[in-house]
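Subject: Structure for your review

Dear colleague,

I am handing over the structure below, and I would be grateful if you could look through it alongside the notes that follow.

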Amino acid sequence: MLNSSTHKITPMKILVTGGAGFIGSNFIHYMLAAHPDVEIVNFDALTYAGNLENLTAVEREARYTFVKGDITVAADVAALFAAHAVDAVVHFAAESHVDRSLHIGPEAFIRTNILGTQLLLDAFRAAGARGAKRPRRFVHVSTDEVYGSLGPEGRFTENSPIKPNNPYAATKAASDFMVLAAHHSYGVDAVITRCSNNFGPYQFPEKLIPLMIANALEDKPLPVYGDGQQRRDWIYVADHCQALDYVLRQGRAGQVYNIGGGQDVTNLEVIRLILKLLQKPESLIQHVTDRPGHDRRYAMDSTRIETELGWRRQFDFAAALKATVDWYRQNSAWWQCIRSGQYSKYYETIYGNR
Ligand SMILES: NC(=O)c1ccc[n+]([C@@H]2O[C@H](COP(=O)([O-])OP(=O)(O)OC[C@H]3O[C@@H](n4cnc5c(N)ncnc54)[C@H](O)[C@@H]3O)[C@@H](O)[C@H]2O)c1
């Protein structure tokens, strides 16, 4: 655990955008548990991917506040900064699903990931110029996908070329450049993290690992894109959250930090492991037409965050996958509700008229 007294930035009140999503909600749980002096304001539009049930354990916590709002609406963002004097922003809010960017279209991705990030940066700067209490740091949570696809060897470093291959990755790359521009042009204290594929509790069951676990639990076919030999550098979400905590407190302004699990596994290997853990037959595997432009391999070189900030991955892939499978098994009501569509109707009833 970090000893906050030894670190340069000790934020007390943190604005988390997209905190009702997968990684954001894990980050909120992590920060509230790890740091008794931290307060969180969670700003989330509650799109299909935002789920306040991820946060029921902290919703009555005095150090936690939820604000419903959209980062693409300048008035929402301005009202947020006017109402909450925050020390730092950790920006997760995004359209995050590659398949949606390909099949539904990139418009929402361009709006949220690029325009939304820019509006947040503008409001962050305006709050600094206005108030006695300035937000000090902006952590932009980005992805390894901005680097494109790797060949069979090597790892992405922070100096690898930015070569996104799908609309999601292209919009994340654009948002990274807007963040770097705000740092260079206006001196915004911004840091970018680029993390590999996360897995763990509260991941929306459209992403590979929760989808395969949920389908296997229901004895449904497990759709595998193409030959299933796409390699990903998996990281348990708790390791990502801890890395973000290190970057928030100690990272160098204007810097990019890669975060990886260092555990490359093919999609087919992941699926076979899930079936084994659930004692389900491999006959459930069904190969389907590959995703267009599907990147073959991602792998991150995390040397910078390890040597500069002293972060180290804590969780082994196999053990963390077992913990994740157990979580989905024990929390079937959570994902069944999402899959049945009841969840979206429920939250439309609760928040639709607000
Ligand atoms: N999941 C991964 O493996 C991974 C890996 C590296 C980086 N990332 C990045 O981490 C961040 C979080 O990813 P995730 O998997 O938790 O995503 P997610 O889709 O689970 O959650 C996104 C959250 O953002 C909210 N949101 C979307 N549009 C919004 C808007 N306009 N205004 C306010 N809130 C909005 C959603 O309601 C949701 O709660 C993203 O920026 C993603 O690019 C994800």
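P164 is partly exposed, with a relative accessible area of 28%. Please keep in mind throughout that this is a predicted model. The residue P164 sits in the loop that runs between strand 5 (137-143) and helix 5 (167-186). Leaving aside residues up to four places away in sequence, P164 touches E145, V146, G148, A169, A170 and A173. For one of these, V146, the C-alpha atom lies 4.6 Å from that of P164, although the two residues are 18 apart in sequence.

**The protein as a whole**

Turning to the overall picture, the protein has 12 helices and 13 strands. Its radius of gyration is 19 Å, close to the 20 Å that the globule rule gives for 354 residues, and it is therefore as compact as a globular protein of that length. Along the principal axes, the C-alpha atoms fill a box of roughly 65 × 50 × 40 Å.

Helix 1 covers residues 22-34, and at 1.5 Å a residue its 13 residues should span 18 Å, which agrees with the 18 Å found between its end C-alpha atoms. Since 11 of those 13 residues are buried, helix 1 is largely enclosed by the rest of the structure. The buried residues are F22, I23, G24, S25, N26, F27, I28, Y30, M31, L32 and A34. What do they pack against? The partners are strand 1 (13-17), strand 2 (39-44), strand 3 (64-68), strand 4 (88-91) and strand 7 (198-199), together with helix 7 (237-250).

A33, which also belongs to helix 1, is exposed, with a relative accessible area of 67%. The C-alpha atom of A33 is separated by 23 Å from that of V325, a residue 292 places away along the chain. Beyond the end of the helix, H35 lies in the loop between helix 1 and strand 2, and with 2% relative accessibility H35 counts as buried. Between the C-alpha atoms of H35 and M12 there are 9.1 Å, the two residues being 23 apart along the chain.

Helix 7, one of the elements against which the buried residues of helix 1 pack, is itself mostly covered, with 13 of its 14 residues buried. From first C-alpha to last, helix 7 reaches 20 Å, close to the 20 Å expected at 1.5 Å a residue.

**Backbone angles and loop residues**

Phi of L46 is near 55 degrees, a positive value in a residue other than glycine. This residue, L46, is placed in the loop between strand 2 and strand 3, and with a relative accessible area of 15% L46 is buried, given that the cut-off for that class is under 20%.

D219 likewise has a positive phi, of about 55 degrees, although it is not a glycine. The place of D219 is in the loop between helix 6 (208-217) and strand 8 (222-225).

T47 and I274 are 227 residues apart in sequence, and their C-alpha atoms are 28 Å apart in space.

With kind regards

How values were computed. Residues are numbered from 1 along each chain as its sequence is written. This is a predicted model: local features need pLDDT of at least 70, side-chain atom pairs count only at pLDDT 80 or more; totals for chains, interfaces and linings use all residues. Side-chain values use heavy atoms; hydrogens and water are left out. Helices (H or I, at least four residues) and strands (E, at least two) are DSSP runs, numbered from the N terminus. The expected span of a helix is 1.5 Å times one less than its number of residues. Buried means under 20% relative accessible area, exposed over 50%, partly exposed in between (1.4 Å probe, protein chains only). Contact means heavy atoms within 4.5 Å. The radius of gyration is taken over C-alpha atoms; the globule rule is 2.2 Å times the number of residues to the power 0.38.
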